[in-house]
Amino acid sequence: MSANRSCLIVGAGIAGLTAAAALEAEGWAVVLLGKGRGPGGRMATRRIGESRLDHGAQFFTVRDARFREAAGRWEQAGWVAPWFSDGGHVRYRAAGGMNALAKHLAKPFDLRTEAKVKLLELADEGWQVTTESGQTLRAGALVLTPPAPQAIALLAACSSRFPSEISSILNAIVFDPCFALLVTIDGPGLVPSPGYIRPDQGPVEWIADNTQKGVSTGAAALTIHARADFSLHNLEAPQEYVAKLLLEAAKPWFGGQVTAWQLHRWRYSRPVDAGRRPACLFSRQPACLAIAGDAFGGSRLEGAFLSGLAAAESIGEAGS
Ligand SMILES: Cc1cc2nc3c(=O)[nH]c(=O)nc-3n(C[C@H](O)[C@H](O)[C@H](O)COP(=O)(O)OP(=O)(O)OC[C@H]3O[C@@H](n4cnc5c(N)ncnc54)[C@H](O)[C@@H]3O)c2cc1C
């Protein structure tokens, strides 16, 4: 990859994928590096047997005109559809699960999966990035989209060369954790139509029935999200203990026997106070660097999308 109008993007969640699309549309050569087996990040969908369950982001909401335009294209393509409305907003689900949307969006790009970046170095005309497997790539510009604590660790070797404001903003970012318990039931389940409930007390914040949602087929397949305070309190507790508490709390909505469960711990689930920060962090010197993600644009898919867009715009202006 020659340094001129070339960009490496670390992270293939919605922020990275959006930045990639905007930069490629402006003629940039882009390579995406993601540590997962596929794209998506927190747009995550898992299988348990024949069931399919969204275990990160559950839906997205559209408020901004630029996101509306993108969501409109996705809806026309059949990738997303309205799930329900509340509070005056339509909540969209993705056909086949949130991760399927990420896969559609990633299709046009050079995406290197299972490529965990371990080292970022300033090189003559930009950046040199080294992955855990020893792959080395160079480019003129870099977009970082991992959650702030992971971005800080990656930048450790060179952060002193960038304006100190970047480190101070990154260091102040706090993420709430969230336990996601995925459960399959041997019956239809008791979550009311259209397939979600927000219990008003106890450790459970959200239950979605992926079958009613249209992501899974057959018996009920439930995603149970714990509240942030419960998740923080039990962050290092044994899985079986956390699962037992959540299974007990969600039992009234089961309507049958649990056939299987899996617990996932999102250490960095949603950023706190994301709306108060700029849409991305950017520095032109000593090398073109943009830092994006939901901690900047707002703590949701839409915010991460807008932050990815802002990162691409900053890099595009610097490179033109
Ligand atoms: C439980 C839960 C429920 C949610 N519910 C909703 C919801 O209903 N509606 C909504 O709008 N939003 C929701 N969100 C938030 C939404 O998922 C996020 O705002 C959005 O997905 C963030 O996208 P992103 O691209 O900024 O980050 P991510 O999706 O986290 O992407 C960052 C990527 O960087 C990668 N990465 C990290 N370190 C490295 C490395 N060293 N090398 C290579 N790659 C690396 C990660 O693997 C990841 O793929 C929820 C999130 C969670 C966890």
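Pro194 sits in the loop between β13 (175-185) and β14 (196-197). In this predicted model, a cis peptide bond joins Pro194 to Ser193. The model also holds a ligand that lies between domain 1 and domain 2, because both domains give residues to the shell around the ligand. The points below cover the backbone, the ligand site, the cavity and a pocket.

**Backbone features**

- The cis bond between Ser193 and Pro194 has an omega of about 10°.
- Another cis peptide bond joins Gln285 and Pro286, with omega about 0°.
- Pro286 is found in the loop between β18 (281-283) and β19 (288-291).
- Glu114, a residue other than glycine, has a positive phi, near 50°.
- The loop that holds Glu114 runs between β8 (110-112) and β9 (117-123).

- A nitrogen atom of the ligand lies 2.6 Å from a polar backbone atom of Phe59.
- For Leu301, a polar backbone atom is 2.9 Å from an oxygen atom of the ligand.
- Ile14 places a backbone N or O atom 3.2 Å from an oxygen atom of the ligand.
- On its own the ligand has 1000 Å² of accessible area, and the protein covers 94% of that area.

**The shell around the ligand**

- There are 33 residues around the ligand, and Arg42, Phe59, Val117, Asp294 and Leu301 come nearest.
- Two or more shell residues come from each of the elements α1 (14-25), α4 (148-155), β17 (258-271) and α10 (301-319).
- Strand β17 gives the largest share of the shell, three residues.
- Sorted by class, the shell has 14 nonpolar, 13 polar and six charged residues.
- Domain 1 is made of the segments 6-45, 60-174 and 277-319, while domain 2 spans 175-270.
- Since both of these domains supply shell residues, the ligand is placed between them.

**The cavity**

- The count of cavities of 30 Å³ or more comes to one.
- The largest cavity holds about 30 Å³ of space.
- Its lining consists of Arg42, Thr145, Pro146, Pro147, Ala148, Phe175, Ala292, Gly293, Asp294, Ala295 and Phe296.
- Helix α9 (residues 294-297) supplies the largest share of this lining, three residues.
- By class, the lining of the largest cavity has seven nonpolar, two polar and two charged residues.
- Arg42 and Asp294 line this cavity, and Arg42 and Asp294 are also among the residues that come nearest to the ligand.

**The second largest pocket**

- About 280 Å³ of space lies in the second largest pocket.
- The pocket has 18 lining residues, and those nearest its centre are Ala21, Arg73, Trp74, Leu105 and Phe305.
- At least two lining residues come from each of α1, α2 (65-76), α3 (98-106) and α10.
- The lining of this pocket has 13 nonpolar, two polar and three charged residues.
- Helices α1 and α10 contribute to the lining of the pocket, and α1 and α10 also give residues to the shell around the ligand.

Terms used:
Residues numbered from 1 in each chain as written. Predicted model: local features only at pLDDT ≥ 70, side-chain atom pairs only at ≥ 80, totals over all residues. Heavy atoms only, no water. Near = heavy atom within 4 Å. Polar contact = N/O pair within 3.5 Å; in protein donor to acceptor, adjacent residues only side chain to side chain. Areas by Shrake-Rupley, 256 points an atom, 1.4 Å probe, with all protein chains shown as cover. Helix = DSSP H or I, 4+ residues; strand = E, 2+ residues; numbered from the N terminus. Nonpolar A, V, L, I, M, F, W, Y, C, P; charged D, E, K, R; others polar. Domains from an automatic or database assignment. 1 Å grid on protein atoms, 1.4 Å probe; cavity = no way out; pocket = protein on both sides within 12 Å on 5 of 7 lines; lining within 4 Å. Points joined across faces, edges and corners; volume = space filled by probe spheres on them.
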